[in-house]
Amino acid sequence: MAFLPGLTLARRYHDEVVAPVLRRRFPGLRYAAGLLDGGSELLGLDTERSTDHDWGPRVQVFVGSTDATRIPGVRAALDADLPTEFLGWPTRFAGDDGRLGVADPVGRRHGVSVDELAGWWRHRLGFDPAAGVTVADWLATPTQRLAEVTGGAIFHDGLDGALTARRVALAWYPPDVWRHVLAAAWTRIAQAEHLPGRCAEVGDELGSRVVAAGLARDLMRLGLLLRRRWPPYDKWLGTVFGGLPDAAPVVAALTDALGPGDWTRRQAGLVGALEAVARWTDETGLAAPVRARARQFHRRPFLVLHAERIAVALRGGVRDPLLRDRPPLGAVDQYVHSVDVLTHAGRIRPLADSLWSGSGLTDPRR
């Protein structure tokens, strides 16, 4: 079978198979359909390698609350009427590991889900964007989730544009939330930028490289945020960052920083990347330009950006009192790295909200 990008396959599956089944079995049913629930195909990054698990003809179908009672019947009809193959690809997923199976499709799950629209969003994110997106909502949502639900594709929106409107509501951070998240990122960098030099000074080359790698990750995520791109999880972070129009000098600098050279070369790479991303920050106009350049860290023989200067400038531009007085923690995936937390809204939200309440602040818009 020739590889077909997953979103292209999904759109054709909806148009040629799923939509005709729904029209025939449920004439007049108002629904929306798309693919927003995860997978490399949502970012246009799937390849033939992606087809070995949890990949194939998939479509999400959404109905409004008034048709929620019809969901079991719609699911049953699709289960009965969907073909076993589409364009040569099997349509049934085998077992819990997500492998696609061709033979004996009976009892195997197909790739078409049916959900009530608002309920799906609450399950996926912990809130429904149709009701508005609060500061607390933004800060409790991992950027990978935002990349998924605003990426992907909508194939049909017969719910008066309700699915499209929710995606539009999550297109990008409001300016003050953006400032807060960027300030948190620069704060993280300020806390670590001097450590690779100190590690190298005492002969800990491995430790120096580990810290430098952490800074590189933070800088790539920060660079994507500055260019209004939701940072994906680590598998695709370098690919998406490298696709930015002006990323090449930063990629080259970070490659030097993480390469086989000694500390002198590592420092030069880090400084080059830090100064470039600092310029990107100035270009946003979100704060007074800092024009940060590397300089000596106290009296020690290594260079840093003193990135806290940029964080202070960004925080100085925040006008929302809910954010102005909040510690510079940023969004949840800036301080939590556990996949088992970040992929579970029921775990993320209590954690993020506890930190919010721990700051002594409450969000009246919740």
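How many salt bridges does the count come to? It comes to 24, where a salt bridge is a side-chain nitrogen of Lys or Arg within 4 Å of a carboxyl oxygen of Asp or Glu. Keep in mind that this is a predicted model: local features need pLDDT of at least 70, side-chain atom pairs count only at pLDDT 80 or more, and totals for chains, interfaces and linings use all residues. Residues are numbered from 1 along each chain as its sequence is written, and side-chain values use heavy atoms, with hydrogens and water left out.

**View 1. Arg-30 pairs up with Asp-160.** The closest N and O atoms of this salt bridge are 2.8 Å apart. Arg-30 sits in the loop between α1 (6-25) and β1 (31-35), and Asp-160 in the loop between β9 (153-157) and α6 (162-169), so to speak 130 residues away; helices (H or I, at least four residues) and strands (E, at least two) are DSSP runs, numbered from the N terminus. With a relative accessible area of 38%, Arg-30 is partly exposed, while Asp-160, at 73%, counts as exposed. Buried means under 20% relative accessible area, exposed over 50%, and partly exposed in between (1.4 Å probe, protein chains only).

**View 2. Arg-58 meets Glu-41.** Here the closest N and O atoms are 3.0 Å apart. Both residues belong to the loop between β1 and β2 (59-63), 17 residues apart. Arg-58 is buried at 10% relative accessibility, and Glu-41 is buried too, at 4%.

**View 3. Arg-188 and Asp-218 tie two helices together.** Their closest N and O atoms are 3.3 Å apart. Arg-188 lies in helix α7 (residues 175-192) and Asp-218 in helix α9 (residues 205-226), so the pair links parts that are 30 residues apart in sequence. Arg-188 is partly exposed at 27%, but Asp-218 is buried at 11%.

**View 4. Tyr-173 sits in the largest nonpolar core.** This core has 73 residues, and Trp-121, Tyr-173 and Trp-186 have the most contacts inside it. A nonpolar core is a set of buried Ala, Val, Leu, Ile, Met, Phe, Trp, Tyr and Cys residues joined through side-chain atoms within 4.5 Å. Leaving aside neighbours within four places in sequence, Tyr-173 is in contact (heavy atoms within 4.5 Å) with residues including Trp-138, Leu-225 and Ala-331. Apart from this core lies another, of 30 residues, among them Phe-26 and Trp-55.
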